[in-house]
Amino acid sequence: MKRHWKTFLSMCLSVSIILSMSTAVFATPTNVSGGGSTNVSGGGNSSSSGGGHNNNRQPDEEPFDDVTRGDWYYDDVVYVYKNELMAGTSENLFSPHAPLTRGMTAAILYRYAGSPNVDYEPIFTDVPDGQWYTDGVMWAVQEGIMVGYGDNTCGPEDSVKLEQLAAILYRYAGSPDVDVDEDKVLSEFPGGTDVTPYAEDAMQWALQNDMIYGNSMLPTAGATRAQAAKMFAVFAQMEDTSEA
């Protein structure tokens with residue numbers, strides 16, 4: 001009788017182990033490649049790319065731990081965040097002083113345009129299909145807003161100069177005529193004479209529309225995410241006003 005009882009317990013234990021192993025094998029895995037419910041690859045709602053929207057924050061809360069009231073870029077960051085143009089570099093950080101990249105720029109402008117359908121074309125060796133910036137880069141290039149480097153690359157991870165950002169927005173706006181404001185003459189603005197000739201109209205346009213923060217500029221220096229937030233916020237509000 002004891003032998004039969006021990007045999008029964010052994011069989012139960014074996015069945016329990018098998019069921020446990022089956023549960024582990026067939027359990028839904030956490031996704032770290034860009035799909036599924038848990039996403040840490042840079043796409044989705046919380047994106048390291050700086051695009052999208054962080055849905056874990058409420059509209060009446062401070063959007064990021066490193067953006068506080070009193071910062072010159074506070075209102076601009078809040079605007080681009082609430083209008084789903086830019087998100088953070090992590091769950092709680094915006095990284096206002098981090099460099100803006102070409103991929104970020106394309107993604108933000110693409111989102112501003114309403115994320116239209118775009119067909120992938122393997123025209124750049126450094127822009128593979130399926131990356132968080134792919135659709136934005138493809139769209140920007142196809143619309144003539146951005147161009148590659150001429151060697152089959154586009155440099156999505158490269159930083160964007162301030163004058164390049166102005167030129168991209170200026171082209172998107174249709175390259176409007178620039179009426180020189182006597183109070184905002186590029187050549188008389190500190191740093192204005194350092195603007196590369198191709199970007200002079202764009203920078204004059206940005207200057208007269210108060211897209212440039214401060215009393216001087218470094219046009220050939222890399223733009224920061226805070227500067228991008230200001231330029232995109234001002235640009236979006238200009239567009240809203242013109243359509244009203």
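I take contact to mean heavy atoms within 4.5 Å. This is a predicted model, where local features need pLDDT of at least 70, side-chain atom pairs count only at pLDDT 80 or more, and totals for chains, interfaces and linings use all residues. Residues are numbered from 1 along each chain as its sequence is written, and side-chain values use heavy atoms, with hydrogens and water left out.

**Entry: Ala229**

I looked up Ala229 and found it in helix α7. Helices here are DSSP runs (H or I, at least four residues), numbered from the N terminus. Is Ala229 buried or exposed? Its relative accessibility is 0%, so Ala229 counts as buried (under 20% relative accessible area, with a 1.4 Å probe and protein chains only). Setting aside neighbours within four places in sequence, I see Ala229 in contact with Asp76, Val77, Val80, Met86 and Phe94. I also checked Tyr81: it is 148 residues from Ala229 in sequence, and their C-alpha atoms are 8.9 Å apart.

**Entry: Thr224**

Next I went to Thr224, in the loop between α6 (200-208) and α7 (225-243). Thr224 counts as buried because its relative accessibility is 18%. Which residues does Thr224 touch, leaving aside those within four places in sequence? I noted Pro96, His97, Ala98, Pro99 and Leu100. Pro99 lies 125 residues from Thr224 along the chain, with 4.4 Å between the C-alpha atoms.

**Entry: α3 and α4**

I then compared helix α3 (residues 102-112) with helix α4 (residues 134-142): their axes come within 8 Å and cross at roughly 80°. Axes are lines fitted to C-alpha atoms, for helices over the stretch in contact, and angles run from 0 to 180 degrees between N-to-C directions. α3 and α4 are therefore roughly perpendicular (65 to 115 degrees). From α3, Ala106, Ala107, Leu109 and Tyr110 meet Asp135, Gly136, Val137, Trp139 and Ala140 of α4. I sorted these residues into seven nonpolar, one polar and one charged. Nonpolar covers Ala, Val, Leu, Ile, Met, Phe, Trp, Tyr, Cys and Pro; charged covers Asp, Glu, Lys and Arg; the others, Gly among them, are polar.

**Entry: α5 and α6**

The axes of helix α5 (residues 162-172) and α6 come within 8 Å, crossing at roughly 85°. That makes α5 roughly perpendicular to α6. Residues making the contact include Leu162 and Tyr170 of α5, and Asp201 and Trp205 of α6. By class, I have nine nonpolar, no polar and two charged residues in this contact.

Methods:
Helix = DSSP H or I, 4+ residues; strand = E, 2+ residues; numbered from the N terminus. Buried < 20%, exposed > 50% of the residue type's maximum accessible area, 1.4 Å probe, protein only. Parallel < 35°, antiparallel > 145°, perpendicular 65-115°, else oblique.
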